[in-house]
Structures are given as structure tokens and as C-alpha cells.
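Keep the sequence and the coordinates side by side.

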Amino acid sequence: MNDGTLTAAQAALAAEHAAVYGYGVAGGRVAAGRRAEATAAHHAHRARRDALVRTVRDLGGEPVAADPAYALPFAVPGPAAAVRLAAVLEDRVADVYSDLVRAAEGPLRREAADALREAAVRSVRWRGSGVPFPGLAERAADGSREGRAAETDEVTGADAKTGSDAKATTGTTH
């Protein structure tokens, strides 16, 4: 494995930390009819996070720690915003897993492809629509997402980055 694989695995781990946090928020605000779906997604991201901790160690790295809290990309006052947050979380996770698919080989590449697929499917379920190539074709050269409305952090008013160029440590949820 190369440094690119470790870097991509660390980015995926950071995204999973942020997704676990984000689903803690979304799960508490989503409508009762979708609470089981939010709980299942939360558990799936926790399992992926735990597996990535082991992967990073196996690659010779020190796993990136979760931040104590993450700034959400927008306010989540109720069920509709919670559903929107869940879709954004899944898009961001798919983005970093696409990077890991490109960087990895063998079983790790397969695991990353499975994680990308799972995130894309959850995103479609939350949003009600999907994109042709999750985590790939929608990204422009500048790291923004083509074909989607720009996301703005309602707390800061700044554009919320998505994809592998978004850093959990900068306050955006990955």
C-alpha cells in the first residue's frame, strides 16, 4: 500500500466520524416514520468507522480522532432539515470513499466500493433521487459539486464544501 491509500483511508475515517455525529443530530429530529432508517444508518456508519480504525492501523497509520463536535452545514430545526442533512452526510461519505476506491487495491478497494454503494443508496432513499456516478462525475475540478445547489452553512453563511476537499476539522460535517 502507498501513502495515498493511507491518506484516503484517513479521509474516509474522518468522514465516518462526522457522519456518526451528524446522524446523532438527524436521528433526534427526523420524523418518527423514518427514525428506524436513521438508526440503521447511524449503526452502519459506526461499523464502517470502527473497521476503518483497524484499516488505518493495518496501513501503519495512527487513526484520526473524532472531533468533539462538528459544525453542521445548515441548521436542523425539524424533520425536513434532518432528512436533508442525512442526504448530505451520505453524499460526503460517498465522495471520500470514491477517493479510497481509486487509491486502494484488493480487498480494501472492494470494501471502499461497497461503502460508496451503500452511501449512494442511502442518499437516494433520503433525497428521493440520485446522481449517475455518486462521488465521481458530480465533482468539478475545484471540488464543488456540479448539478447541485450550493450548500451554505446557515450558522456562518459560508459555502459548505463537499467531497474529499472538505475537512472535518474546518467545521464542516463530512
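About how many helical turns separate Arg 117 and Asp 114 in helix α4? Being 3 residues apart in α4, Arg 117 and Asp 114 are separated by about one turn. Helices here are DSSP runs of H or I of at least four residues, strands are E runs of at least two, and both are numbered from the N terminus.

First, the ground rules. This is a predicted model, in which local features need pLDDT of at least 70 and side-chain atom pairs count only at pLDDT 80 or more, while totals for chains, interfaces and linings use all residues. Residues are numbered from 1 along each chain as its sequence is written, and side-chain values use heavy atoms, with hydrogens and water left out.

Now the overall plan. The protein chain has 4 helices and 0 strands. From the N terminus, its elements run α-α-α-α. Of its 174 residues, 48% are buried. Buried means under 20% relative accessible area, exposed over 50%, and partly exposed in between (1.4 Å probe, protein chains only). Among contacts with a separation of 6 or more, 73% join residues 24 or more positions apart. A contact means heavy atoms within 4.5 Å. The chain exposes about 8400 Å², and carbon and sulfur atoms supply 56% of that area. Accessible areas come from the Shrake-Rupley method with a 1.4 Å probe; for residues, only the protein chains shown count as cover.

Turn to α4. Helix α4 covers residues 106-127, 22 residues in total. From first C-alpha to last, α4 reaches 32 Å, close to the 32 Å expected at 1.5 Å a residue. That expected span is 1.5 Å times one less than the number of residues.

Which residues of α4 are buried? They are Leu 108, Ala 112, Ala 115, Leu 116, Ala 119, Ala 120, Arg 122, Ser 123 and Trp 126. Seen down the axis of α4, these residues fall within an arc of 165°, so they line one face of the helix. The arc is that of the directions from the helix axis to the C-beta atoms. What covers them includes α1 (3-29), α2 (35-58) and α3 (79-103). On the other side of α4, Pro 107, Arg 110 and Arg 125 are exposed. Just after α4, Gly 128 takes a positive phi of about 95°.

Next, the charges. The structure holds 8 salt bridges. A salt bridge is a side-chain nitrogen of Lys or Arg within 4 Å of a carboxyl oxygen of Asp or Glu. Arg 117 and Asp 114 form one, at 3.9 Å from N to O. An α-helix has 3.6 residues a turn, so residues three or four places apart point the same way. Arg 110, Asp 114 and Arg 117 are linked in a network of salt bridges. Arg 117 is partly exposed, at 46% relative accessible area.

Glu 118 pairs with Arg 48, their closest N and O atoms being 2.9 Å apart. Glu 118 lies in α4 and Arg 48 in α2, so the pair ties together parts 70 residues apart in sequence. Glu 118 counts as partly exposed, at 25% relative accessibility.

Finally, confidence. pLDDT is the predictor's confidence in each residue, from 0 to 100. The chain averages 81, and 74% of the residues score at least 70. Over residues 137-174, pLDDT stays under 50. Where pLDDT is low, the predicted coordinates should not be read in detail.
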